[in-house]
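Please read these notes with the model open beside you.

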There are 6 protein chains.
Amino acid sequence: MAKILVINPNSNLNVTDAMADAVAPLALEGGPQFEMHTLATGPIGVQSQADVDAVALPLRAIVAERTDCSVFVIGCFSDPGLAVCREATKTPVLGIRECAVFTALSLGDRFGLVALAPASVKRHTRAFREMAVSERCAGITPLHMSVAEAEEPGALPKVERTAQTLIDDGAEVIILGCTGMARHRAPLEARYGVPVIDPTQAAGAQALGLALLSGSETIRPAADALLAS
Amino acid sequence: MAKILVINPNSNLNVTDAMADAVAPLALEGGPQFEMHTLATGPIGVQSQADVDAVALPLRAIVAERTDCSVFVIGCFSDPGLAVCREATKTPVLGIRECAVFTALSLGDRFGLVALAPASVKRHTRAFREMAVSERCAGITPLHMSVAEAEEPGALPKVERTAQTLIDDGAEVIILGCTGMARHRAPLEARYGVPVIDPTQAAGAQALGLALLSGSETIRPAADALLAS
Amino acid sequence: MAKILVINPNSNLNVTDAMADAVAPLALEGGPQFEMHTLATGPIGVQSQADVDAVALPLRAIVAERTDCSVFVIGCFSDPGLAVCREATKTPVLGIRECAVFTALSLGDRFGLVALAPASVKRHTRAFREMAVSERCAGITPLHMSVAEAEEPGALPKVERTAQTLIDDGAEVIILGCTGMARHRAPLEARYGVPVIDPTQAAGAQALGLALLSGSETIRPAADALLAS
Amino acid sequence: MAKILVINPNSNLNVTDAMADAVAPLALEGGPQFEMHTLATGPIGVQSQADVDAVALPLRAIVAERTDCSVFVIGCFSDPGLAVCREATKTPVLGIRECAVFTALSLGDRFGLVALAPASVKRHTRAFREMAVSERCAGITPLHMSVAEAEEPGALPKVERTAQTLIDDGAEVIILGCTGMARHRAPLEARYGVPVIDPTQAAGAQALGLALLSGSETIRPAADALLAS
Amino acid sequence: MAKILVINPNSNLNVTDAMADAVAPLALEGGPQFEMHTLATGPIGVQSQADVDAVALPLRAIVAERTDCSVFVIGCFSDPGLAVCREATKTPVLGIRECAVFTALSLGDRFGLVALAPASVKRHTRAFREMAVSERCAGITPLHMSVAEAEEPGALPKVERTAQTLIDDGAEVIILGCTGMARHRAPLEARYGVPVIDPTQAAGAQALGLALLSGSETIRPAADALLAS
Amino acid sequence: MAKILVINPNSNLNVTDAMADAVAPLALEGGPQFEMHTLATGPIGVQSQADVDAVALPLRAIVAERTDCSVFVIGCFSDPGLAVCREATKTPVLGIRECAVFTALSLGDRFGLVALAPASVKRHTRAFREMAVSERCAGITPLHMSVAEAEEPGALPKVERTAQTLIDDGAEVIILGCTGMARHRAPLEARYGVPVIDPTQAAGAQALGLALLSGSETIRPAADALLAS
């Protein structure tokens, strides 16, 4: 039975639980199973660049060790450690930011990102340039909220206003830029009639497809070459 | 039970069968089911721009009529009728070229495309510019083969040489640029150690995720606005 | 005597007449003549993507059949059927959106587009990305008007305010994004002192040049290769 | 009667004559007339950047003084003095490089440029970046010839081989990157079946359209603002 | 002892003095010395394109003649004559606009430019496109001031407001878009906590490094080839 | 006396010595002094992504602790830890890859990079996309050598052949893509007549300028905001 390991790079078990809830609809009888892993040594939240860099090698250690998995998902919207994890294993490693963006682009022309803090806006701007998707980004708007605040049901009105602004600026798809906002997805879709992407779900769905299709033979890009270099 | 409709825009039943085989691993007990639909009025193969344009409105008619489906997949690498189908329904409509490219970009830095004929190279070049993914395309190399020839097991050596060239040019992921080449996926992955994307499978996986996650509430970007315009 | 066929893809004879008026200054004694053709089977106006796709093959039929013409002009700002028409004939086929944009770029650094409806803004955004001219577009602003409304003399004040906004955003040339607004060209130029492009005139002028220069020997890009593919 | 002034920035009368021949088919009875002007103080050929810069202000003096013209054409593929001429007059000023490129893009997807010397390749590369057309340039290949050599009928075989290379690299339209190669246009089109653009003709055609359409009211972008700044 | 020649292309000695003050901190005992050169034939200020073009060849004459210098700096934010000067000598020639931008990009992700007049905004927009740095420019905002006004201490409040706007739009580094605003650098940095670049200083620093490192052997790109072409 | 701290992220003292030699010409009597720091806990060479990520936080610790420095230079061509170091201090932090590229772009139109191994080519390709300089990169060609091999005098012929290839592809400036190749700079410049950039020297020169100009008041972009986020 294929196994998908979703790793929460922070040590907040509430976040891990929220991610487990998010991917639950993707787990079918007889299909690949999702296992959650909380990085015990991680920060309570990945917010600064120091947090991002601190978890890279611990994440690498996990993907190098867990040879029993078909796909790994790094469960943080800053995609920490993605390159180094891909270097360490032939098993596919997915980042939830990348999966959210590319899923959005499969559904509509331009996406808008509901971010948390202004500092993360700059980090995502740089990442979108590296991913070469800037031209398809209609905007990145911060909520000026912490992860914990954004998860609360009471955050919905502010999330809605932010989404409305992005739609007015041309967004045809909305991406929720953090792991804890899955609960806002359905109300936003109902209200605005556009697809709303929860990044953990986007990566979970991608992982499910890879696991079902690959058997054991799909491997990561040029891993051998990288390992040998 | 959610249903995913995979539409073959050409009237070649062999191609429909090949696509059914390609998505078969994605159909689980208790999960969304894949239904294949062959466009009886379609050309025997979609090769020219006239073929692409001829099937657009018939595809639209199908997605407008089939209100019992959770996701539609247009099963041709030229993504015929994608815009017009999205205008006609709130149900998500996926194109296999878009899904192949965005799945590839979730797995590696640059992709290489094994195309069929030189004429399609120009069509894909234009599409990649519209999708804003040109900078992440390492190359598009034609096999100088027809759809039927490319499907044959005997095509593998030429496909391999083409993939090798693209990898030498920096491709970390290979996309098979037609619906009928799924059989070459596993041997290519085994030989070159890079992910190889069959476009029908990429779209099927994306559709599976959408169907599982959406229930009935996910809808297409701004469909109401489009319908009203 | 060389002949330029200007095809109105909608069935509205008023629009055909307006286009005839627009190109009238380009018809000289002894020079190529403009013949207008109204697509009787076309919609009353090309507004939705369904309208765009519906006229593609009928347009193709015309350019394939009319071997007596030196240049074809597709007279709709969405450039419907451009690719498929080019595939069907060696005679040059011009789209008025392409000609408007490229004429604008010959006259100033960045252009602004006065569009009709928000839905067309998204279509043009995608087209400009495909044409790789996004970086030279200062903005696309919709009038929130129908074709019929935009043609009226009374529309001028709103067109002026829209043009002013685009100029404030850096536009050095204004493009009127529909076939019926030629009458607003002179007042706008007089008021704002920038070139204003009527797309039918831009394509007509381009066609005139091609007809005068080509004799019979200029042919469409790689038509043979395309036809043979 | 509208007048189009075509200015040869070099002092070589043979080149002026060749340009006169090139635009001759564009002069119709009752239509705008082409007047040729040779810059007596210009270099014998514009090849170095020093040549380009030396003619800028003399060109500006001409366009500022000649208030009897409807359009000016700067007849050198390096488009010398284009910005400064546009600053000096409200009358449209066209550059033949810009017109050649934008005419090419109205006819096919990507263009290839037959250049003269390697040094000009670098100048055109920079210009194409400034024009934001790099992504639609399939290649720039130098003939390693002088202006005089490229004009000779004997240059045709080398021009053909160069064009063939560019077509193999994806060019759908060929631009002749100098004023003197108009004679090669028809044979190249006949042989390769793609449009071939002579830059003087492209600008002449564009000028003809502007002259016919504008009457006296079309003016240059933001000339007042520029003059006042 | 290596010598760096800083050329003021305008004839305003106050500007030359301000530039001398700006680079004074870069002159060390035993290190390369800065010599200031005022272009006596230059305009009192380089504001129009005509001003830019008028000084190109006089600047070229200076760099061609002064064989005793290790580096040349063109001291005007429009980088007049940069290409033609580089063609004329093997000695490195730096433009202060280029140096300001590339220094800014070494310090932060995106820069904002405090420009003088709206007309210069268009010139810089085009230049940034040619330099391929548009995507890293957060904005260009004009002060609506002359050079003389912008130099005054009293200009600081308006400069500050402009910088604030650019920072709000995402600028992490501020560039002062003229030679005379060095005095505003320290107060701006103190107030906003972001690096502020004076272009003359940026080029002076770059020149200092080149002079110290090169001895006599560093030469300009492909100068021989250019001279021979 | 201002101090510039050049940090070698690997533990190889030979590399530190080579970098000290490289920046020695930049240290003047009475000017800022260069202090070298070897990261004792670093790998013997930074080659894999794991090496890059392993040194990020140790580098951050150094820049956070050393409040006595005016500028920091991260001495590795992969620019490890650049973002996290900038987050930790208001003092400017320079990466030698960024400085090499931006210095090159101040001297010529396009640069070519002499890289070490194929794996680093992919890393630099991604970085150039993030830096938005891809369009000005004429090529990246690997030597297929280790750091130690590339430093050897005997490597010169292979470096020369690689540089020649890049120049043939349009490079006007050559960047040596590792810290140990400074010795090849002068012979390459002498042979090919183009500027050759040693990255440590480029960053050292940039640091020298910042130190001389800043006094204590220049600070890092938005450091307060980042620290507070």
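How many residues does the contact take from chain A and from chain E? Point 2 gives the answer.

1. This is a predicted model, in which local features need pLDDT of at least 70 and side-chain atom pairs count only at pLDDT 80 or more, while totals for chains, interfaces and linings use all residues. Residues are numbered from 1 along each chain as its sequence is written, chains are lettered from A and ligands numbered from 1 in the order in which they are written, and side-chain values use heavy atoms, with hydrogens and water left out.

2. Chain A gives 5 residues to the contact and chain E gives 7 (contact: heavy atoms within 4.5 Å). The two chains bury about 480 Å² between them, with 42% of it on carbon and sulfur atoms (buried area: the accessible area, 1.4 Å probe, that two parts lose on being put together, summed over both). On the chain A side, A:Lys122, A:Thr125 and A:Arg129 lose the most area to chain E, together 85% of what that side buries.

3. Across the interface of chain A and chain E there are 2 salt bridges (a side-chain nitrogen of Lys or Arg within 4 Å of a carboxyl oxygen of Asp or Glu). A:Lys122 pairs with E:Glu172 in a salt bridge, the closest N and O atoms being 3.7 Å apart. By class, the side of chain A that touches chain E has no nonpolar, 2 polar and 3 charged residues (Ala, Val, Leu, Ile, Met, Phe, Trp, Tyr, Cys and Pro count as nonpolar, Asp, Glu, Lys and Arg as charged, and the others, Gly among them, as polar).

4. Between chain F and chain E, 47 residues of chain F are in contact with 47 residues of chain E. The area buried here is about 3800 Å², of which carbon and sulfur atoms give 62%. The count of salt bridges between these chains is 0. H10(F) supplies the largest share of the chain F side, 9 residues (helices, H or I of at least four residues, and strands, E of at least two, are DSSP runs numbered from the N terminus). That side has 26 nonpolar, 11 polar and 10 charged residues.

5. Chain F superposes on chain E by a rotation of 180 degrees with 0.0 Å of shift along its axis (RMSD 0.0 Å), using least squares on the C-alpha atoms of residues with pLDDT of at least 70 in both. That is the relation of a two-fold axis. In chain F, the C-alpha nearest the axis belongs to F:Phe102, 2.6 Å from it. The copies meet through the same surface, because 100% of the interface residues of chain F are also interface residues in chain E.

6. Helix H5 (residues 96-105) of chain F is mostly covered, with 10 of its 10 residues buried (buried: under 20% relative accessible area; exposed: over 50%; partly exposed: in between; 1.4 Å probe, protein chains only). Among them are F:Cys99 and F:Phe102.

7. Over all chains, the whole structure holds 70 salt bridges. One of them links F:Glu130 and A:Arg126, with the closest N and O atoms 3.7 Å apart. F:Glu130 lies in helix H6 (residues 118-131) of chain F and A:Arg126 in helix H6 (residues 118-131) of chain A, so the pair joins two chains.

8. Within chain C, C:Arg185 forms a salt bridge with C:Glu189. Both lie in helix H9 (residues 185-192) of chain C, 4 residues apart, about one turn of the helix. C:Arg185 is buried at 9% relative accessibility, and C:Glu189 is buried at 1%.
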